[in-house]
Amino acid sequence: MASLPRLGSGLLSALCALVVACGGSDEGSSGSVRFLVFGDPAEINAYRTLIEAFEEEEPDIDVQLVEASDRDDLVARLSSSLAGGSPPDLFLMNYRFYGQYAARDVLEPLAPYVSDSSKFEEGDFYPQALDAFRWQDELMCLPQNISSLVLYYNKDLFERFKVEPPTDGMSWNELVDKAQRMTRDKNGQQVRGADPDLPQAGTAQAEIYGLGVEPVIIRVAPFIWSNGGDVVDDEQAPTRLTLDTAQAEEAISGLFALRTIFGVVPTDQEVEAEDDEARFANGRLAMFLDSRRAVPMFREAAKFDWDVASLPFYDKPATILHSDAYCMTKGSKAKDAAWRFVEYAVGPEGSPVIAKTGRTVPSLKEVAESDAFLDPSQKPANSRAFLDAIATIQHVPTISTWPEIEDVTDGLLENGMYLGQPVDDVLAEIDRKTRPLFARAER
């Protein structure tokens, strides 16, 4: 990720006053806590609900929700406020991106706070989530969730076209077959199907696509793992991506083929006009790969019946960790109050509040196994699939330059899917451009 330019003192002051609310209370058990987060409207509403519940329990603490428009905006605001010496007290960040801040020593380690907590201990959380936020063996941030990648599907569409809906434990080939059978034109006729002799197969314009999946490293990684491959050469001290192995190349070629051969995913122009999440919510995408974060929006916007199934695989089940954590800045002037909010948010009191909104797969085991998360009256009916997947979760490395590595890799993977560039050329270019980023990474 390119370094951000320093802001002039006047502009920085204005930014802090208007957006980050510079200043704050003296460090203590009461005061104002500034919490920086991004998300779509449904996600932001989930955090508002959590804050309201916390402030009812802790009326002496005011939590100010600072909303970023997206991850890039959050990073820009966080970097600017850190440079100006007036950072938010807390921010929520995915494990793939917090390493750049841990490397700069601007995070308050949370292991001592957890050790002193009367509400939980480390053993109460899923270790896969905690371990992703350890920097040099020290717990730096406390994860609120332990989501995985799953397959969302439109039950009404499958019933309409009389295709057997997805189930847990499907193979990659079964996924492709269903995607072909569910890709339909405006008359409901199959565009590209399992039968190669289907009249006009592949020639009509698709109105409904069978599958939505981004051509990015975090989407293809679980298929590489399930095919017996690895994403990097060393999980603890990676020096390069290993996407050029036979197992990885097969999985990446399969991803590209969804567009270049089968035509079951939208084109890049169509995705630009309407992203996969919106297309699914609008009823024109049969299946969609995403984490738990999409649930609040689908509960609110989808006017059809839908559910989730476990991620299809090649040789063995595998999925990828999607986990966000509360990180406290060392420069916070309200650390005790900020910790009380974190302790509530991820603990047995607050975790059910956010879980009921649909946003999270709670990292606290007792809440994940409760009706707050598994409520059968709420969609998705198969929420258990998220918990069953925890045993097969893996994660990408946590190194300071991983955001830059993703940026480079994702752009080139898009070229392979949407522009039809040969997979060997794409992988060679990825290797050439990412090796220097690994070389200067801090771990």
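**Aromatic pairs and their surroundings**

Author: Phe120 and Phe125 are both buried. In this predicted model, the two rings form an edge-to-face aromatic pair, with 5.1 Å from centre to centre and 80 degrees between the planes. A search of the whole structure finds 26 aromatic pairs.

Another of these pairs joins Phe280 and Phe304, and it is edge-to-face as well, at 5.6 Å centre to centre and 75 degrees between the planes. Phe280 belongs to helix α12 (residues 276-281), while Phe304 sits in the loop between α13 (295-301) and β9, so the pair ties together parts that are 24 residues apart in sequence. Phe280 and Phe304 are both buried.

Four bridges join β7 (residues 150-154) to β8 in the antiparallel sense. Within this part of the sheet, Tyr153 has Met287 of β8 as its bridge partner.

Rings also gather into a cluster: ring pairs link Phe35, Tyr47, Phe54, Tyr326, Phe341 and Tyr344. Helix α2 (residues 41-57) has 17 residues and reaches 25 Å from its first C-alpha to its last, close to the 24 Å expected at 1.5 Å a residue. Among the buried residues of α2 are Tyr47 and Phe54, both of which are members of the ring cluster. Ala46, Leu50 and Ile51 are also buried in this helix.

Helix α14 (residues 335-346) has twelve residues, which should span 16 Å at 1.5 Å a residue; the end C-alpha atoms are 16 Å apart, which agrees. Ten of the twelve residues of α14 are buried, so the helix is mostly covered. The buried residues include Phe341 and Tyr344, which likewise take part in the cluster. Trp339 is buried in α14 too, as are Lys335 and Glu343.

A polar residue may complete the picture. Asn94 lies in strand β3 (residues 90-94) and counts as buried, because its relative accessibility is 5%. A polar atom of the Asn94 side chain lies 3.4 Å from the backbone oxygen of Ser323. Leaving aside neighbours within four places in sequence, Asn94 is in contact with Arg71, Phe133, His322, Ser323 and Asp324.

Terms used. Residues numbered from 1 in each chain as written. Predicted model: local features only at pLDDT ≥ 70, side-chain atom pairs only at ≥ 80, totals over all residues. Heavy atoms only, no water. Helix = DSSP H or I, 4+ residues; strand = E, 2+ residues; numbered from the N terminus. Expected span 1.5 Å × (residues − 1). Buried < 20%, exposed > 50% of the residue type's maximum accessible area, 1.4 Å probe, protein only. Pairing = 2+ DSSP bridges. Polar contact = N/O pair within 3.5 Å; in protein donor to acceptor, adjacent residues only side chain to side chain. Contact = heavy atoms within 4.5 Å. Phe/Tyr/Trp six-rings, centres within 6.5 Å; stacked < 30°, edge-to-face > 60°.
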